[in-house]
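Here is a brief report on a protein model. Have the sequence and the 3D view open as you read.

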Amino acid sequence: MRIKVALSALLVLLLILLCGCAEKEDEGVRYVPILMYHDFITDGEPGAFEITAERFEDHLRALSEAGYVGVTFDDLINYVNGEGELPEKCVILSTDDGYTGVIDIALPLCEKYGMKLTCAVIGDKVNAYNHFVPDASMAGRIELTSHTYSLHVSRENGYNGVNMPLSGEELRDALEQDTEKMLLEYGETFPEMGKIIVYPFGAHTEEIDEIYRDFGYDVSVTVEQGCARIVKGEPSSLRCLPRYQVYPHLTGEDIVDLIKK
């Protein structure tokens, strides 16, 4: 009988220790889904990378009702550095390329629902091909990040969709020159341009990511599918973040189900 009691007590102790270890392991960890949008329209049939205003509002409504809070990449940096907290249920609404629909359609809707919005801008496409011009009136309303100045080109040219040398000093020089152009034009008004790099087409290598880290970029973002695991005190958890591509047929319920997985 005493042996059974002792074994039971030992089992309880082991369970307590295991639970304590699990809690410690999860301490400071946040799982942050990042949704990837491109352009937004009000009329007509959306293309593969377009979302109607009605559909986007459905996404925002569903996320809000499910208890999700919008955050930015800068919020992730602050969390990792111990300078801020993240809600248990948070989401990043990221948009690529800098289309006018982001400012004219998506931003007002995000403000209506109290959601934050971020946009990766291509420097040499500003004010051309239906791309908006970043100006001071946007500061504080939307987080603008770098999608490179002139390295976002067609997949048929250059390295996996990015117009740059493959490696070595030529690569570092090319990235440095491109970065300097971006910061010269937009860095003063939008400091996140020098902290967050969203890779064109997600194309990157370990060498490229290391170079951007050396340049002072705290966050790098890809197009790989998945949920970002952000860890307080671990800057490496901000590298090569995955995202969820949003397609025009996805409803608000679909979006919530997608990021819950």
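## Nonpolar cores

This is a predicted model. Its largest nonpolar core holds 39 residues. Leu35, Phe56, Leu63, Leu93 and Ile142 have the most contacts inside that core. Two or more core residues come from each of β2 (34-37), α2 (53-65), β6 (90-97), α4 (100-112), β7, α5 (168-187) and α7 (252-260). The largest share is from α4, with 7 residues.

Take Ile142 as an example. Beyond residues up to four places away in sequence, Ile142 touches Val102, Ile103, Leu107, Leu117, Thr118 and Cys119. A second core is separate and has 20 residues. Val32, Phe73, Ala228 and Ile230 are among them. In soluble globular proteins, nonpolar side chains tend to be buried together.

## The buried side of α7

Four residues of α7 are buried: Gly252, Ile255, Val256 and Ile259. They lie on the same side of α7, because they cover an arc of only 95 degrees around the axis. The cover over the buried residues of α7 includes β2, α2 and β12 (241-245).

## His131

His131 sits in the loop between β7 (118-121) and β8 (143-146). Its relative accessibility is 8%, so His131 counts as buried; the cut-off is under 20%.

The His131 side chain reaches the backbone oxygen of Tyr129 at 2.8 Å. Leaving aside residues up to four places away in sequence, His131 touches Asp97, Gly98, Tyr99, Thr100, Lys125 and Val126.

Notes. Residues are numbered from 1 along each chain as its sequence is written. This is a predicted model: local features need pLDDT of at least 70, side-chain atom pairs count only at pLDDT 80 or more; totals for chains, interfaces and linings use all residues. Side-chain values use heavy atoms; hydrogens and water are left out. Buried means under 20% relative accessible area, exposed over 50%, partly exposed in between (1.4 Å probe, protein chains only). A polar contact is a pair of N or O atoms within 3.5 Å; within protein, one must be able to donate a hydrogen and the other to accept it, and residues adjacent in sequence count only if both atoms are side-chain atoms. Contact means heavy atoms within 4.5 Å. A nonpolar core is a set of buried Ala, Val, Leu, Ile, Met, Phe, Trp, Tyr and Cys residues joined through side-chain atoms within 4.5 Å. The arc is that of the directions from the helix axis to the C-beta atoms.
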